[in-house]
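Subject: Structure handover

Hello,

Here is the structure for your files. Notes on what was found in it follow below.

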Amino acid sequence: MPMLDLIIRGGRVVTPFGVGDWDIGVQGERIAVLAAPGALEAGRIIDATGKVVVPGGIDPHTHLAHAIMSHPDEPGLTLGPEEDTRGMLFGGTTTHIDFAFVRPGGDIQSALEQRSARWKGNSFTDYSFHVVLAGALELKVFDAIPEAIKAGFTSFKVFTTNILPPHPKRSGNRIDFGRIQHAMERIAAAGGIMTVHGEDEDIVQFNYEKHRAEGRMDGANLHLVHNKLSELLAFRRTIALARHTGCAIYFVHTSAREGVEAIREARGAGQPVYGETLHQYACFNAEYYKTPRGFCSHTYPSLKFPEDQKALWDGLVHGGLSTLATDEYPTSLELKLRGKTIEDVTGGNVGAEARLGIGFTEGVGKRGMTLERFADITATNAAKIFGLYPRKGVIAPGSDADFALIDPAIRKTLAKEDFHVTDYSPWEGWPVMGWPVVTILRGQVIADHGKLVGSAADGRLVTRKIDSQVLQRPVC
């Protein structure tokens, strides 16, 4: 074998074939070989002794450079990729999938071109985009779905509710179920997948009205507006429509036990239904809203109850849920805490940097999650579901040389100084056991023990193609 460019030696390597003490040989941007310790030679060797080597993380749900919806009288944007992906690389994430919104009067191609131009040269990590079909779109918009899938944009998001009450300065995201069916039929025929923000519009908007009439406007009531019943109704209705159309679906930010149960039931019947949850949903519940910085962990729909946390962890550790994501929505602390009522609390937060470390601590460290399962929920499954696999999300010959090296011996309580994006993290004060220390993107070290090595020019747009099996049955 010719001299390799890089060897990662001495670590516990997590592969589809199990966990082993292999050396990883990298040639150019790809993994060339896995071999017995000491069998390879290279120009550079990274000593991973004592570390766990996992595929570079894939965050399938981020909202960067995104219009902030909660304060329509003070319009603004979340932080852009040049800022937020810096945190991703320190946290072991090498690829993220953001969103290109198509609203009435717009079209799919233009939305993708605008987002691609905004990201080009401005991302430390590789990236792609889901297409969001928002509002009462003209039917001709849907005719472009097959072309987008052919171009490598394989996923289309819908909102079954508007997450906030109507406001003259705020565009709604909700799309009606007639258009959802129309989109599903075209997505299924062209080899794509639909991602779904699943809440019931009637329940959510009535709850806003009811709480307003009763004077119960405190943001600590968000879980009573975006409630468990809403998730149950929306998930089951969407699953029934997906069964009718033959479309594969992926529920974002599952928050309730009822959502987990609906997903499990559909998967048990053989439907290609996949579920995501967020580390803040698994680690916090609605009681946290009552604390001084409680809204730091809010993401729409809402935090729920301890029974829901238990169901989410069960789905992550033992199966039923497929991915651990963030719904990344990075702002300043002042903006994050500006809203105080159910109608103006800022959704989302800055969580991508902490995702692998929190998942490792709470999953592997505390709940006995296997290392293979950890790799699945943080990288491999997202790669499979959205069509990045096997180029991304796996440590195997021929795949991109994307790695996160986690030091399981690290024991610390997270502080503001541990993070590299904005002026807060919802994870300040959280004790961890294990944390990413080296991140490698396509064979190049981009973060090394707290030092930034990569640049915002490193990230590339990655096109995607979903394996047909993923769209026919639940494969992960």
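How much space lies in the largest cavity? The largest cavity holds about 210 Å³ of space. Here a cavity is a set of points on a 1 Å grid over the protein atoms alone where a 1.4 Å probe fits but cannot get out, and lining residues have an atom within 4 Å of a point; a volume is the space filled by probe spheres set on the points, which are joined across faces, edges and corners. Its lining has 20 residues, and the closest to its centre are Met69, Ile163, Tyr300, Asp327 and Tyr329. By class, that lining has 8 nonpolar, 10 polar and 2 charged residues (nonpolar: Ala, Val, Leu, Ile, Met, Phe, Trp, Tyr, Cys and Pro; charged: Asp, Glu, Lys and Arg; polar: the others, Gly among them).

On provenance: this is a predicted model, in which local features need pLDDT of at least 70 and side-chain atom pairs count only at pLDDT 80 or more, while totals for chains, interfaces and linings use all residues. Residues are numbered from 1 along each chain as its sequence is written, and side-chain values use heavy atoms, with hydrogens and water left out.

The search of the whole structure gives 2 cavities of 30 Å³ or more.

The largest pocket (an open set of points with protein on both sides within 12 Å along at least five of seven lines) contains about 430 Å³. Among its 21 lining residues, His66, Ala67, Phe101, Arg103 and Ser171 are the closest to its centre. Helix H2 gives the largest share of this lining, 4 residues. Helices (H or I, at least four residues) and strands (E, at least two) are DSSP runs, numbered from the N terminus.

Strand E11 (residues 155–159) is largely enclosed by the rest of the structure, because 5 of its 5 residues are buried (under 20% relative accessible area with a 1.4 Å probe, protein chains only). Ser155, Lys157 and Phe159 point one way from E11, and Phe156 and Val158 the other. E11 runs parallel to E10, with 2 bridges, and parallel to E12, with 5 bridges; strands pair if DSSP finds at least two bridges between them. Val132 has Lys157 as its bridge partner in E11, and Phe159 has His197 in E12.

Regards

Methods:
Buried means under 20% relative accessible area, exposed over 50%, partly exposed in between (1.4 Å probe, protein chains only).
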